[in-house]
Amino acid sequence: MKRFVIRLLSFLAIVLVLDRGFGLAMKYLQNHAKGGYVGHHNYILHYANEDILIFGSSRAIHHYNPQIIEDCLGMSCYNCGQDGNGIVLFYGWWQMIKERYQPKMIIYDVNPSFDLLLGEDNSKYLGWLRSEYDNEDVKKVIEDIDPTEKCKMLSMMYCYNSKFLQNIIDYVHPLFKISSNGYLPLMGEMDKMKVRERKEKTKYVFDSQKLKFLELLIKETKERGIKLIFVASPIWYGKTNAQFEPLCDLCNKQGIPFYNFSNDTSYVHHNEFFKDGNHLNAHGANAFTSDFIRCIEQQ
Amino acid sequence: MIYNSFLFLVCFPLIFLFYYLIPSRYKKGRNYFLLVVSYILYINWEPVYALILLCVTGITFLSALKIESNRKHAKQTLIIGVILGLIPLLFYKYFNFINEQVYTLLSLIGLRYELHGLNWAVPVGISFFTFQAIGYVWDVYYKRIEAERDFATYALFISFFPSILSGPINKASLVIPQLKNLRPYFDYNKAVEGLRMILWGMFMKVVVADRMGLYVDTVLSNYMNYTGVTCLAASVFYTIQIYGDFAGYSLMAIGVGKTLGFELTENFRRPYFAVSVTDFWHRWHISLSTWLKDYVYIPLGGSRCSKWRNYWNIFVTFLVSGIWHGANWTFIVWGIWHGLFQIIEKMLGQQKCNYGWLGKCIKIFTTFLMVNFAWIFFRMPTLGDACGVISRIFDTNLPMTFFSDSITTMFFMVLGLMIILFKEIIDEFYPALMERFARPVWLRWGGQILILSLILLAGVLGSDQFIYANF
């Protein structure tokens, strides 16, 4: 038994040393990324100082052209959109941004799956937050989602789970460069293979944790006098309003504007504006950004 | 207890520690400890279901004693014991399915009387512990073993926490003697081998299976949106996912057993190197196929009967296998598919491979394809969806494009697949090479550290679910 324990502890000690070394190397690569998603992440957290920030999933990063917003509103703008993410990540990022500076406006593109509806497991949104665990406010968000993360984060390799390859690529040779304003347009025509009429559900179950973070974001931006605007950008399929119910209630209660383009007939089923069922192409993004800005200006 | 959960990470070292703190002279005390732990972990799922576990344990324990004490009426006792033992399984797992089928049938003749379906979750591991308990009663009936007189020992055999969730379905003749006295206080080699198995099982689960699962779920949940090539790729990835998932779980279960000094039944032996579907079932879920052979196939007459009767026995055995996996026509078709292919192989004398290496490669490939297509039925929620995926695969009008997920997902999938394939090839065809690899400590430890690092770096650590835990 003694031999077993000694060998096991020796093995774990070697793993621990490697774990620390790997963690430090990853931190270096992340901080020195030349572009790609890691560079985008670094810019948002450590350098962004634009008047307007756009939050949201891939539907944000592909749908809002900051250049049009800058030209129309005369304010600088950065698109912080991140694929497959929602309020959990953006509330965490917001904790770091607010420590550094105060934007004038935040445009939040709402995707019900990521921001409102009950999904399988919210810890899947923690990927981009784990490497910022040193920040006390981010730590709270992470532990709120999953209290066991406190123990898991003892491993630095775990901090970079599923991200280490991205870190290496974005340090050595980023596969794409996100433009200087964060926007990533989708070029090309509609891929008809990727659309099919969907049966909308009639009853939705909402995630109290996501709603709590949305409420906190509203509260914190209000306290700081930052204008927060929620938007549901166009979708080829169209979406029922029922999916946005709790957000509408929240916005009504707090006096926050919510622009819902998800059922706008000038976009729904208009192939020329879309790349796939969920995403506008560059042409659609430009048209939508202009329409959306007109709505803001009219207010 | 799910092995890739945080609970396992915290609980297992504690269980290990307390188990070995009990001095070797208190053998019974160690069994009682394991029994209490097993029940606590089971109660952790759903407390009331522990009563079902206890009930099945009690029924089969008493039935076995009765069979042994009264051989004259042994057959009647066996039938009553098996039926009573099966009631919870039939009720929880098949009630809704039977109810729906009866309703549909009655509707055809104009009778529309519907019973309300059950909204209760199926008790975890019920298919596994029920089969294990029934197998024991049968063994006592066939005089393969003596009935166990100590209830605590028997209860531990049924509820033993490493295998209750998803097997292996252990034989009483293997486990009960170990529980009674034939296991050492601490076996260094066994404990080390157990830890290695846990590590490799975890790799198979979180690095290979769960990573493949991300792609498979994306494609097969919306297969109408993807090309035939993508659907075929997703089906192949599912074939690998289910292997990584279930074999990974089994390895971890056996590994946990070994660290506590137990030998549990081997459950997988590189099934995708099988040269026929018959051979596949000698390598896939071995504990279930052994159970089906011993308690369904052989009692039906096995192969010691006429040719056609033998084919029928194979068919029925795999029909039962399909039904065991779930209350859905997709599982029944999956079982029938496997049964029919084995019958065809038997008719053509193609159960083994008598050709050279090229013939062997071709047979391995064709078996893989047969099994792969059967898995489509296993994966899809309805027969219509399964046929939909298959028709898309063969639809020549669709473009030959392949949906590739993000570069990182594809990289991790390929990396995991390459590592697992490398190990499987060496284990299958060059076992001596593996022994040579394992000799130098630096190489052994290097490999293990690499696997642990990959689990931390590339594992999908948020998914605490196993496919077979649903059965």
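In chain A, 81% of the contacts with a separation of 6 or more are between residues 24 or more positions apart, two residues being in contact if their C-beta atoms, placed from the backbone, lie within 7 Å. The model is a predicted one, in which local features need pLDDT of at least 70 and side-chain atom pairs count only at pLDDT 80 or more, whereas totals for chains, interfaces and linings use all residues. Residues are numbered from 1 along each chain as its sequence is written, and chains are lettered from A and ligands numbered from 1 in the order in which they are written.

Chain A has 13 helices and five strands; helices (H or I, at least four residues) and strands (E, at least two) are DSSP runs, numbered from the N terminus. The radius of gyration of chain A is 21 Å, close to the 19 Å from the globule rule for 299 residues, so the chain is as compact as a globular protein of that length. The radius is taken over C-alpha atoms, and the rule is 2.2 Å times the number of residues to the power 0.38. Of the 299 residues of chain A, 39% count as buried, a label that requires 20 or more other C-beta atoms within 10 Å of the residue's own, with C-beta atoms placed from the backbone.

Strand β3 of chain A, residues 105–109, is mostly covered, with four of its five residues buried. Four bridges pair β3(A) in the parallel sense with strand β1 (residues 52–55) of chain A; strands pair if DSSP finds at least two bridges between them. Within this pairing, Tyr108(A) in β3(A) is the bridge partner of Phe55(A). Strand β3(A) also runs parallel to strand β4 (residues 227–232) of chain A, to which five bridges join it, and Asp109(A) has Val231(A) in β4(A) as its bridge partner.

The contact between the chains takes 24 residues from chain A and 21 residues from chain B. On the side of chain B that touches chain A, two or more residues each come from α1 (6–21), α9 (188–221), α17 (407–429) and α19 (441–458) of chain B. The largest share, seven residues, comes from α19(B).

Chain B itself is divided into domain 1 (25–184) and domain 2 (189–458), with bounds from an automatic or database domain assignment. The centres of these two domains of chain B, taken over C-alpha atoms, are separated by 27 Å. Their contact takes 20 residues from domain 1 of chain B and 18 residues from domain 2 of chain B.

Notes:
Buried ≥ 20, exposed ≤ 12 C-beta atoms within 10 Å, placed from the backbone.
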